[in-house]
Amino acid sequence: MKKDLTRYRNIGIFAHVDAGKTTTTERILKLTGKIHKIGEVHEGAATTDFMEQEQERGITIQSAATSCFWKEHQLNIIDTPGHVDFTIEVYRSLKVLDGGIGVFCASGGVEPQSETNWRYANDSKVARIIYVNKLDRMGADFYRVVKQVDTILAAKPIIMTLPVGVEGDFIGVVDLLTRKAWIWDESGDPMNYTIQEVPAAMADDVETYREQLVELAVEQDDALMEKYLEGEEVSIDELKACIRKGTRNLAFFPTYCGSSFKNKGVQLVLDAVVDYLPNPMEVKPQPEVDLEGNETGEFALVDADRPLRALAFKIMDDRFGALTFTRIYSGTLNKGDTVLNTATGKTDRVGRLVEMHADSREEIDSAQAGDIVAIVGMKNVQTGHTLCDPKQPATLEPMVFPEPVISIAVKPKKKGGDEKMGLALNKMVQEDPSFHVETDEESGEVILKGMGELHLDIKVDILKRTHGIEVEVGKPQVAYRESITKRLEDDYVHKKQSGGSGQFAKISYIVEPGEPGSGFVFESKVTGGNVPKEYWPAVQKGFSSCIHQGPLAGFPCVDLKITLTDGGFHPVDSSAMAFEIAAKSAYRQSMPKAKPQLLEPVMKVDVFSPDDHVGDVIGDLNRRRGMIKSQDPGPTGIRVKADVPLSEMFGYIGDLRTMTSGRGQFSMEFSHYAPCPSNVAEEVIKEAKERQAAS
């Protein structure tokens, strides 16, 4: 049976860390859960109070995706992270959303984090409605926040409701479309409201703002615009159609107000999700790429009869096992199906499918295009992997996971906590492909590697909060590399004679810098059998086993080419082992003579600064050895893009906030490796040698 996708809404709620995202989501679940149960008592619907469940499980209420019903529409609400880790997490959430609710605090207004989230959503072209929350708070000012949306986010709000009263006197909202006031009593029950006439004191304001609403809306339809200009009344249904069109085209953002905590105003936001946000068929389809990552020109069209295309966008562990949250873009997924994971090239069987409901989970037999479901017990699937039909494979988006560039050493504070920490870290790696964990072979330390300081801070915080593991954290370490700058011809003889059969191997070789990004390249140009062919792999193995330790400070060596040109062997004493040892010794002999240099990771830094602080920001980036690439003036400030060495970026967020009175933000990702200036290199080499001596 095909589902009616016009009744689906895949939405996310995003907000600054303290704007009330969790409370809003919880109220939505409660409201929709209630409505759902009154309509049809859902078998096995748990009556667990969400807050108890939250305390018991220690996670934010909403799972990564939860479904609920409102006015015969299914809403799939996807948890988007409040903290932007400046990694793939927010992009990934936005990837699977068709629409969103931006929540802003009525007293805090548009805060830096909400600005960043808003920019990400703009990049992904996600339609949104705006909800100004916490109108019961001291200092709440709906009109100020609406103005900030316009000036700071350069987004056009279309005001749909006005608050009745403010701060402690906030009692409800006026719906501008119907010109009716929704007034709640003080019981805190969201269902205890009455719909009344507009308070007399607000009548003029309501007319002014309604006129603005109508003028903005009819711009979407020329015929209606003419009708309106000729003085005819535009019906509510006509207005709604225009607002829906403008919202989908990102021409404006319907703006609501309320207080989630006090249960006032949330119903109108839910109505807006149904009325104005797009269904899965109204969103641009995902482009498909082949296994090499090239676009094929095909799209994953939202159609249950096409081949399966689904994206695993979040991995979560809970008491039921590993859950893989999956957005199905096209095709149908059935329990028991075998699907291909294009990232690993392996097939996996779908054991169980569940749909998350407001306060329970329901096992389902199949899901289809437009659905968001969780698959239980998938192995080897990570965030961002594509699951598809094994007979007609395609990938949804080339997944580029940048290599980590910063590391810290951690150890549990409690004795014997190693195993517990290991299990927790294993789960965290599954959830975030840009996070790596290694054990240092020499010191036995556990090393966490990530995309930046904030990224690792958050991981340490998750260890503590979610898994209850307190850890001691070492100083951040930068992932330096080494390379050589000079071509060198050299030879080495390995001879060992101590009774019985000896060892003999002679090699002549060229060591030279390779192409940038080429890693390690080995080639043999031996002619005439001076080094028999069967020994060439041993020579290659000898050299390649050494490249993880460069000659300067023991950092991995990159972009190196070694060519075997000649040599000699002994019919009795030569062996693969002898040639491998010769290559290892040759590496140690020649590398220091080939003018080695230290390379450092350089980051692409994107800083947003208000106009009046740009000079300070640029001056500071220059002091950090940054190369300014561009300055783009935006409506709300200036974006400065620069390449800056990672080692100079520690603690940057604090400095940036100080320079810009808390309004600046930045994101950072790895760009490339570049030679270190000699004064910096000397320091790094000295520190590395001291560390090695200590361990």
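Guide: Two rings of Phe, Tyr or Trp (for Trp, the six-membered ring) are a pair when their centres lie within 6.5 Å; planes under 30 degrees apart make the pair stacked, over 60 edge-to-face, and the rest tilted. The model is predicted, so local features need pLDDT of at least 70 and side-chain atom pairs count only at pLDDT 80 or more, while totals for chains, interfaces and linings use all residues. Residues are numbered from 1 along each chain as its sequence is written, and side-chain values use heavy atoms, with hydrogens and water left out.

Visitor: How many aromatic pairs does the structure hold?

Guide: The structure holds eleven aromatic pairs.

Visitor: Why is the pair of F104 and W118 called tilted?

Guide: The ring centres of F104 and W118 are 6.0 Å apart, and the planes stand at 50° to each other.

Visitor: What does the pair of F104 and W118 tie together?

Guide: F104 belongs to strand β4 (residues 99-105) and W118 to helix α4 (residues 112-123), so the contact ties together parts that are 14 residues apart in sequence. Helices here are DSSP runs of H or I with at least four residues, and strands are runs of E with at least two, numbered from the N terminus. F104 and W118 are both buried. Ring pairs also link F104, W118 and F253 into a cluster.

Visitor: What makes the pair of Y535 and F579 stacked?

Guide: The centres of Y535 and F579 lie 4.9 Å apart, with 20° between the planes. That angle is under the limit for stacking, so the pair is stacked. Y535 is in the loop between β32 (520-524) and α12 (536-544), whereas F579 is in helix α13 (residues 576-590), so the pair ties together parts that are 44 residues apart in sequence.

Visitor: Why is Y535 called buried?

Guide: The relative accessible area of Y535 is 12%. Buried means under 20%, exposed over 50%, and partly exposed in between (1.4 Å probe, protein chains only), so Y535 counts as buried. F579 has a relative accessible area of 0%, therefore F579 is buried as well.

Visitor: How many salt bridges does the structure hold?

Guide: The structure holds 28 salt bridges. The term requires a side-chain nitrogen of Lys or Arg within 4 Å of a carboxyl oxygen of Asp or Glu.

Visitor: How do you know that K449 forms a salt bridge with E438?

Guide: The closest N and O atoms of K449 and E438 are 3.2 Å apart, which is inside the limit, so the contact qualifies. K449 lies in strand β26 (residues 446-450) and E438 in strand β25 (residues 436-439), so the bridge ties together parts that are eleven residues apart in sequence. K449, with a relative accessible area of 23%, is partly exposed; E438, at 37%, is partly exposed too.

Visitor: What makes the contact of E600 and R625 a salt bridge?

Guide: The side chains of E600 and R625 meet at 2.8 Å, N to O, therefore the contact meets the definition. E600 lies in strand β34 (residues 596-609) and R625 in the loop between α14 (614-623) and β35, so parts that are 25 residues apart in sequence are tied together. E600 is buried at 3% relative accessible area, whereas R625 is partly exposed at 24%.

Visitor: Which residue forms a salt bridge with R624?

Guide: R624 forms a salt bridge with D655, the closest N and O atoms being 2.7 Å apart. R624 is in the loop between α14 and β35 and D655 in helix α15 (residues 652-659), so the pair ties together parts that are 31 residues apart in sequence. R624 is buried, at 8%, and D655 is partly exposed, at 38%. Salt bridges that share partners join D620, R623, R624 and D655 into one network.

Visitor: Why does K629 count as exposed?

Guide: K629 has a relative accessibility of 54%, which is over the limit, so K629 counts as exposed. K629 lies in strand β35 (residues 627-633). K629 and D606 are 23 residues apart in sequence and 9.8 Å apart in space, C-alpha to C-alpha.
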